[in-house]
Amino acid sequence: MSEDALALYVHWPFCVSKCPYCDFNSHVRASIDQESWREALLADLAYEADVVPGRELTSIFFGGGTPSLMEPSAVAAVIEAATAHWSPAPDIEITLEANPNSVETARFADLARAGVNRVSLGLQSFDDEALHFLGRAHSAREGFAALETAQKHFRRVSFDLIYALPGDTEDRWSATLAQALSLGTKHLSLYELTIEPGTRFASMVARKEFEPLDSDAAAALYELTDSMTSEAGMPAYEISNHARRGEESRHNLTYWRYGDYAGIGPGAHGRRLGMRTVRHRKPENFLSAIARKGHGIAEEAELAPGEAADEALVMGLRLSEGIDLDAIASRFRLGSVVDVAKVEELARLGYLKHSGTRIALSPAGRLLLDHILGEIAAPQPSVFAAA
Ligand code: SF4
């Protein structure tokens, strides 16, 4: 990854309804003034371009929320401005997350004309009952139709599925996954259903309206996912993401490889020039910040070297390729970023692969990511004196 490279994340904060498992920054509003939102995003973008000038733009990612609800002309305006502020890489990846409702599917041709070259579809399930449980606003039939339309308009199409729903079995999930792998996509995001605090599902579980799948059964489904996708030539390159070689999400690789990215729009996070940024989460607060200051930043702070190295470790260990410990240490001018004795112990136990200066999680280790991070993080990394 060149030091010059920059990725851009654009957050569109609106959805038609709130899914009961969702803890993203998404909001439902009776009406949305698309014109004001386009102008606000362009202002936020121009601010970032002033702060981080002269970079090569390697990817743009429209996430949300439901960015397929954006007017394609607003998507086009953001792409046009971003590629004018920065130099676009010849193979720039421009992804947009889409829901498979018919209204949104009808916009795919215009979104492709706007410059989007990769779509990530939130199919989530092929089963109407499961879609109903997940509070999704589309049917399985609409999902298949959206995938077909997307594959006509975009060269790269990924889709998401959620597994480990209450009552899920290995038989049911392996049938779903086999079907998913037969649909001609080269990238899949496969997420285990987790009950996040503050969501409607969390309240339902507290009221005992349903019981989540137990962790052993969920781990068995994870292992099944790992083996089926590997056999099909789409192994996990990250905990929940699977791709054929070369079809990985370049944008998300920038996050996991700890590259620089600008984040604009409500609640967007960014990290560039050693600074972490967070935008105002609530859409109305974001708009008023833009009107007052010309940008939507709510917090901006310098990342201390130890903190940045810890983050790089957390992000990098999500990847199958793992991380180069020496590269992180020298990048942040630190003596060491891990407790080496712990790394060796976990490698002996089969949770980590350790080769030269690189470490990566084994499949068994991936199930224990948080625990392993807690074990290996160096207690107090020492800082070299600046040369
Ligand atoms: S569509 Fe996506 S972002 Fe919107 S509420 Fe559902 S899960 Fe959350």
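**View 1. Asp 324 and its partner across the sheet.** In this predicted model, Asp 324 has Arg 358 in strand E15 as its bridge partner. Together, E13 and E15 (residues 358-361) are joined by 2 bridges, and the two strands run antiparallel. If you're wondering what holds such neighbours side by side, strands of a sheet pair through backbone hydrogen bonds, in either a parallel or an antiparallel way.

View 2. Step back from Asp 324 and you can count 3 strands in an open sheet, in the order E13-E15-E14, with antiparallel pairing. Which strands stand at the edges? They are E13 (323-324) and E14 (352-355), and each has just a single partner strand, so one side of each is left without a neighbour in the sheet.

View 3. One spot to look for is Ser 355, which stands opposite Arg 358 in E15. The two strands make a hairpin with 2 residues between them. Have a look at Gly 356 in that turn: its phi is positive, at about 60 degrees.

View 4. Side chains of opposite charge can pair when their charged atoms come close. Here the side chains of Arg 38 and Glu 35 meet in a salt bridge, at 3.3 Å from N to O. How many residues apart are they in helix H1 (residues 34-51)? The answer is 3, so about one helical turn separates Arg 38 from Glu 35. Both ends are partly exposed: Arg 38 has a relative accessible area of 23%, and Glu 35 comes in at 47%.

View 5. Now find Glu 48, which forms a salt bridge with Arg 279, with the closest N and O atoms 3.0 Å apart. Glu 48 sits in helix H1 and Arg 279 in strand E11 (residues 275-279), so this pair ties together parts that are 231 residues apart in sequence. Are the two ends buried or exposed? Glu 48 is buried, at 0% relative accessibility, and Arg 279 is buried as well, at 1%. This pair also belongs to a network of salt bridges that links Asp 44, Glu 48, Arg 272, Arg 279 and Glu 300. Across the structure there are 22 salt bridges.

**View 6. Two loops joined by Arg 155 and Glu 247.** This salt bridge brings the side chains of Arg 155 and Glu 247 together at 3.9 Å, N to O. The partners come from distant parts of the chain, 92 residues apart. Arg 155 lies in the loop between helix H6 (140-153) and strand E5 (156-163), while Glu 247 lies in the loop between strand E8 (241-243) and helix H10 (250-256). Arg 155 is exposed, at 63% relative accessible area, but Glu 247 is buried, at 14%.

**View 7. Who surrounds the ligand?** The shell includes four residues to start with: Cys 15, Ser 17, Lys 18 and Cys 19. Also around the ligand are Tyr 21, Cys 22, Phe 24, Ser 26, Gly 65, Thr 66, Asn 99 and Arg 136. Sorted by class, the shell has 5 nonpolar, 5 polar and 2 charged residues.

**View 8. Inside the largest nonpolar core.** This core has 84 residues, and those with the most contacts inside it are Leu 8, Ile 60, Phe 62 and Leu 121. Helix H2 (residues 72-85) gives the core its largest share, 6 residues. Zoom in on Leu 8: beyond residues up to four places away in sequence, it touches several others, including Leu 45, Leu 57, Ile 60, Trp 86, His 251 and Ile 264.

**View 9. Pro 100, tucked into a loop.** Look for Pro 100 in the loop between strand E3 (87-98) and helix H3 (102-105). Pro 100 counts as buried, with 1% relative accessibility. Leaving aside neighbours within four places in sequence, its contacts include Thr 105, Leu 121, Arg 136, His 138 and Ala 146.

**View 10. Ala 202 in helix H8.** You'll find Ala 202 in helix H8 (residues 200-206). Ala 202 and Tyr 21 are 181 residues apart along the chain, yet their C-alpha atoms are separated by 7.9 Å. Neighbours within four places aside, Ala 202 is in contact with Ile 195, Glu 196 and Pro 197.

Definitions and conventions: Residues are numbered from 1 along each chain as its sequence is written. This is a predicted model: local features need pLDDT of at least 70, side-chain atom pairs count only at pLDDT 80 or more; totals for chains, interfaces and linings use all residues. Side-chain values use heavy atoms; hydrogens and water are left out. Two strands pair if DSSP finds at least two bridges between them. Helices (H or I, at least four residues) and strands (E, at least two) are DSSP runs, numbered from the N terminus. A salt bridge is a side-chain nitrogen of Lys or Arg within 4 Å of a carboxyl oxygen of Asp or Glu. Buried means under 20% relative accessible area, exposed over 50%, partly exposed in between (1.4 Å probe, protein chains only). A residue is near a molecule or strand if one of its heavy atoms lies within 4 Å of it. Ala, Val, Leu, Ile, Met, Phe, Trp, Tyr, Cys and Pro count as nonpolar, Asp, Glu, Lys and Arg as charged, and the others, Gly among them, as polar. A nonpolar core is a set of buried Ala, Val, Leu, Ile, Met, Phe, Trp, Tyr and Cys residues joined through side-chain atoms within 4.5 Å. Contact means heavy atoms within 4.5 Å.
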